[in-house]
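Visitor: I have not looked at this structure before. Could you show me how to read a few of its features, one at a time?

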Amino acid sequence: MIRTTRHGQVAVVTLDRPGKRNAIDPALCYGLRDALCADADAYVITGGENFCAGFDAHALRAVDEPARFMTEMQSVFERMEATDRPVVAAVDGYALGMGFELALVCDAAVATADATFGLPEITHGLLPPVAVGRGIDVLGRGWIRHLAVSGRRWWSGTEAYDLGLVVELAGREDLVTAAVSLAADLAANPNFAAGKRILTGGAEYAYRMSAETVAPLLGTLV
Amino acid sequence: MDTHVRMDISGPVAELVLDRPRKRNAVTSAMMAAMTDAVAEADARDDIRALVIRGEGPDFCAGEDVGGLRVRTADEARAYLDTPLNLMRALETLPKPVIVAVHGHALGFGAEVLLVADGVFVGPDAVIGCAEIDHGLVPPVLITRGLGTIRRRRAVAMALLGERLSADDAVRAGLAHAVVPDPREAAMAAAREWARWSPHGMAALKRWLALGVDADLGQARAFMPEIMVSR
């Protein structure tokens with residue numbers, strides 16, 4: 001489910017569930033959490049052909065306590081922001097829903113020009129809690145509102161770059177190398193940790209709201 | 001309706017139409033009050049699942065028709081402000097998608113109303129901006145709620161320099177979401193699609209997107225009277 005390789009001091013964490021386009025189920029969630037606790041100077045999260053197509057609704061139906069899984073996933077996002085180390089997303093293919101949120105919560109994202117970003121939760125009667133709770137700070141309410149309410153508007157990698165979600169575009173072959181290089185540059189900055197703490201201030205509130213808002217909707221999943 | 005505002009309903013979509021083309025759909029207090037009533041009706045009716053706003057004639061909306069408004073006291077200013085701010089609040093807290101079709105000019109109120117919409121479809125000829133600065137005023141929603149909604153630098157340039165945005169610039173700023181040849185058709189198609197999403201999920205999503213609206217508009221209510229009286 002999760003593979004970790006080392007590129008110097010950078011841990012490259014690969015979501016590896018290609019048959020499900022890396023949809024996040026509990027096993028992948030726990031694997032990701034553990035991988036981000038490994039000793040490294042920086043982390044890159046990537047996914048091969050598709051970054052991550054969201055959370056796995058089928059798997060969620062099979063879980064005894066779906067709300068608990070959502071809470072566990074929130075803790076992964078919290079871990080990403082709480083760590084002093086840089087976390088960089090390398091996105092090709094789909095980054096939808098929770099996959100979009102994963103790229104959003106990283107300190108930076110690199111993508112291919114034809115990567116696909118979107119928030120389809122509402123088409124299942126749900127909402128994207130981290131995108132709303134955190135994305136408004138990053139991308140503005142105007143665009144978050146549109147992506148979340150429409151459920152059908154996709155950004156290409158190029159649009160995501162123009163609109164501020166992605167900081168660098170790279171070719172498919174160079175994607176991970178570019179992300180590793182960016183992550184190493186960030187980690188080399190002696191003030192990175194202090195800067196990150198300032199930039200992510202107030203995030204706890206957003207995540208707590210996330211769990212509280214989504215839990216009641218899980219019973220009405222369509 | 002002699003208020004120059006009407007609401008057409010087709011299936012799950014309510015279309016709120018500014019119908020004062022000879023004045024380029026400049027909105028009066030009476031028109032804004034009528035729009036607020038229409039939003040309340042759209043909220044109350046379960047058969048309505050999305051709201052589209054558009055204008056008749058060559059322009060979407062040329063701003064507020066203040067018609068020689070002279071405000072002498074802070075109380076008069078507050079009384080005047082209640083109408084536009086209540087309308088903005090009603091739109092942002094409506095638990096259903098709000099979509100705006102923009103062609104031609106969207107100025108002043110016509111630009112600010114885009115800040116509370118979930119979908120803004122603009123024609124290639126669109127010109128979007130705030131003219132308040134020409135009258136010694138500031139756009140109350142843009143410099144409060146708008147700062148978290150669109151690119152902050154763009155909002156400041158629009159509010160304090162009177163900058164006008166092209167259709168493409170509006171998309172980059174987050175004030176519009178697509179440039180299309182026929183904004184009304186695109187808005188109606190979006191409304192019909194989004195009307196299919198679960199009303200329960202949509203209400204939860206919209207409630208969360210509207211967090212902070214009262215605090216933000218409260219800022220506008222707090223500082224605007226002084227500006228309006230002293231201009």
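Visitor: At what angle do the axes of helix H1 and helix H2 of chain B cross?

Guide: Two packed helices are described by the angle between their axes and the distance between the axes. In this predicted model, the axes of helix H1 (residues 29-44) and helix H2 (residues 74-93) of chain B come within 9 Å and cross at roughly 25°. H1(B) and H2(B) are therefore roughly parallel to each other, since angles under 35 degrees count that way. Their crossing is left-handed.

Visitor: Which residues of H1(B) and H2(B) make the contact?

Guide: On H1(B) they are B:Ser29, B:Met32, B:Ala33, B:Met35, B:Thr36, B:Val39 and B:Ala40. On H2(B) they are B:Thr83, B:Pro84, B:Asn86, B:Leu87, B:Ala90 and B:Leu91. Sorted by class, this contact has nine nonpolar and four polar residues, and no charged ones.

Visitor: How do H2(B) and H8(B) run, roughly parallel or roughly antiparallel?

Guide: The axes of H2(B) and helix H8 (residues 213-230) of chain B come within 9 Å and cross at roughly 155°. Angles over 145 degrees count as roughly antiparallel, and H2(B) and H8(B) are therefore described in that way. The crossing of H2(B) and H8(B) is right-handed. Among the residues of H2(B) in this contact are B:Ala74, B:Leu81 and B:Met88, and those of H8(B) include B:Val213, B:Ala220 and B:Met224. The contact of H2(B) with H8(B) divides into twelve nonpolar residues, one polar and five charged.

Visitor: Now the two chains. How many residues of chain B are in contact with chain A?

Guide: There are 23 residues of chain B in contact with 24 residues of chain A. On the chain B side, helix H6 (183-194) and helix H7 (199-209) each supply at least two residues. H7(B) gives the largest share of that side, seven residues. By class, the side of chain B that touches chain A has eleven nonpolar, eight polar and four charged residues.

Visitor: Which residues touch the most other members of the largest nonpolar core?

Guide: That core has 155 residues, and A:Val44, A:Val88, A:Ala103, A:Ala183 and B:Val52 touch the most other members. Helix H8 (residues 175-188) of chain A gives the most to this core, with eight residues. Take A:Ala103 as a case. Leaving aside neighbours within four places in sequence, A:Ala103 is in contact with A:Phe51, A:Ala89, A:Val91, A:Ala95, A:Ala109 and A:Leu165.

Visitor: Next, the backbone angles. Where is A:Asn22, which has a positive phi?

Guide: A:Asn22 lies in the loop between strand S2 (10-15) and helix H1 (26-35) of chain A. Its phi is about 60°, although A:Asn22 is not a glycine. B:Arg24 is another case, with a positive phi of about 50°, and is not a glycine either. B:Arg24 is found in the loop between strand S2 (13-18) and H1 of chain B.

Visitor: Is B:Arg24 buried or exposed?

Guide: A residue is buried if 20 or more other C-beta atoms lie within 10 Å of its own. B:Arg24 has 20 other C-beta atoms within 10 Å, so B:Arg24 is buried. A:Asn22 has 29 C-beta neighbours inside 10 Å and therefore also counts as buried.

Visitor: Which residues does B:Glu112 touch, not counting residues up to four places away in sequence?

Guide: B:Glu112 touches B:Pro139, B:Val141 and B:Leu142. B:Glu112 is found in helix H3 (residues 109-112) of chain B and, with 26 C-beta neighbours inside 10 Å, counts as buried. B:Glu112 and B:Gly146 are 34 residues apart in sequence and 8.0 Å apart in space, C-alpha to C-alpha.

Conventions:
Residues are numbered from 1 along each chain as its sequence is written. Chains are lettered from A and ligands numbered from 1 in the order in which they are written. This is a predicted model: local features need pLDDT of at least 70, side-chain atom pairs count only at pLDDT 80 or more; totals for chains, interfaces and linings use all residues. Two residues are in contact if their C-beta atoms, placed from the backbone, lie within 7 Å. Helices (H or I, at least four residues) and strands (E, at least two) are DSSP runs, numbered from the N terminus. Ala, Val, Leu, Ile, Met, Phe, Trp, Tyr, Cys and Pro count as nonpolar, Asp, Glu, Lys and Arg as charged, and the others, Gly among them, as polar. Axes are lines fitted to C-alpha atoms, for helices over the stretch in contact, and angles run from 0 to 180 degrees between N-to-C directions. Angles under 35 degrees count as roughly parallel, over 145 as roughly antiparallel, 65 to 115 as roughly perpendicular and the rest as oblique. A crossing is left-handed if the near helix is turned anticlockwise from the far one by less than a right angle, and right-handed if clockwise. A nonpolar core is a set of buried Ala, Val, Leu, Ile, Met, Phe, Trp, Tyr and Cys residues joined through C-beta atoms within 7 Å. A residue is buried if 20 or more other C-beta atoms lie within 10 Å of its own, exposed if 12 or fewer, and partly exposed in between; C-beta atoms are placed from the backbone.
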